[in-house]
Amino acid sequence: LLLRRLEAYGFKSFADKTEVDFGPGITVVVGPNGSGKSNISDAIRWVLGEQNIRNLRGARVEDIIFSGSTGRRALGVAEVSLVFDNSDGVLPLDFNEVTITRRVFRSGESEYFINKTHCRLKDIHDLLADTGLGREAMPVISQNKVDEILNSKPEERRLIFEEAAGITRYKNRKKEALRKLDDTEQNLVRLEDIISEIE
Ligand code: ATP
């Protein structure tokens, strides 16, 4: 699954609408310290569903919204979109390009969109599971993550391989099915109680 483009507005240091095009091959981002290179990878991880602000080098939600600079007012909303090439149909959607968008307001409320249609975070996780961009895949690896992976427990490391092998989707579905089974069994027990009371 190829990431074609990133569009950011109001995310961290991106006060203006910023677009980054990823051509075929390797893209290298260069710039002086503090110019916002890591903010690009933070933006990608954020759209993919990162829920822990600390993993985005912030403490509160407001930290990922442009906080103003000399002559620039702070913004009330941050929005980032990732545009994926889906011409090979890896994503089960009938579009050649799929855009995933996340938006957050200062209140902390997050909104998610697939091709501009409002959706839940779960829909994005379901869409990306087993594409190599899912929750366990670690599609963005920062410098300190490398050590973390090397020092991780075998069970933790196994999750990365499971995602790469494409079975996370099925594990998630199994978990959901088991939960439904459990609910149904509990309903049955309740029904039996009611029946015995009536009899
Ligand atoms: P280095 O090479 O030092 O890692 P970098 O190019 O990766 O630097 P980043 O860490 O991506 O730089 O960018 C940090 C910059 O982003 C800082 O200048 C910081 O002031 C700015 N920044 C971070 N959050 C916000 C925000 N909410 N509003 C405005 N600017 C922000």
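**Figure 1. Contacts and overall form of the protein.** Residues 24 or more positions apart make up 52% of the protein's contacts with a separation of 6 or more. Two residues are in contact if their C-beta atoms, placed from the backbone, lie within 7 Å. This is a predicted model: local features need pLDDT of at least 70, side-chain atom pairs count only at pLDDT 80 or more, and totals for chains, interfaces and linings use all residues. Residues are numbered from 1 along each chain as its sequence is written. The protein has five helices and six strands. Their order along the sequence is β-β-α-β-β-β-β-α-α-α-α. The radius of gyration is 21 Å, well over the 16 Å that the globule rule gives for 199 residues, so the protein is more spread out than a compact globule. That radius is taken over C-alpha atoms, and the globule rule is 2.2 Å times the number of residues to the power 0.38. Helices (H or I, at least four residues) and strands (E, at least two) are DSSP runs, numbered from the N terminus. Along its principal axes, the C-alpha trace spans about 80 × 40 × 35 Å.

Figure 2. E3 (residues 77–85) pairs with E4 (residues 97–105) in the antiparallel sense, over nine bridges. Strands pair if DSSP finds at least two bridges between them. Ser81 has Thr101 of E4 as its bridge partner. E4 also pairs with E5 (residues 110–114), again in the antiparallel sense, over five bridges. Here Ile100 has Ile114 of E5 as its bridge partner. E4 and E5 form a hairpin with four residues between them. Gly108, in the turn, has a positive phi of about 100°. In a regular strand the side chains alternate between the two faces of the sheet.

**Figure 3. The buried face of helix H1.** H1 covers residues 37–47, and its buried residues are Asn39, Ile40, Asp42, Ala43, Trp46 and Val47. Seen down the axis of H1, they fall within an arc of 165°, so they line one face of the helix. The arc is that of the directions from the helix axis to the C-beta atoms. A residue is buried if 20 or more other C-beta atoms lie within 10 Å of its own, exposed if 12 or fewer, and partly exposed in between, with C-beta atoms placed from the backbone. The buried residues of H1 pack against E1 (2–9), E2 (18–21), E3 and E4. Gly49 follows H1 and has a positive phi, near 110°. In the whole protein, 18% of the 199 residues count as buried.

**Figure 4. Residues around the ligand.** Among the 14 residues around the ligand, Asn33, Lys37, Ser38, Asn39 and Ser67 come nearest. A residue is near a molecule if its C-beta atom, placed from the backbone, lies within 6 Å of it. The shell holds two nonpolar, nine polar and three charged residues. Ala, Val, Leu, Ile, Met, Phe, Trp, Tyr, Cys and Pro count as nonpolar, Asp, Glu, Lys and Arg as charged, and the others, Gly among them, as polar.

Figure 5. Arg57 lies in the loop between H1 and E3. Its phi is positive, near 60°, although Arg57 is not a glycine. Arg57 counts as partly exposed, with 13 C-beta neighbours inside 10 Å. Asn115 sits in the loop between E5 and E6 (117–119). Asn115, not a glycine, has a positive phi of about 45°. Ser152 is in the loop between H3 (143–150) and H4 (154–165). Ser152 is partly exposed, with 14 other C-beta atoms within 10 Å.
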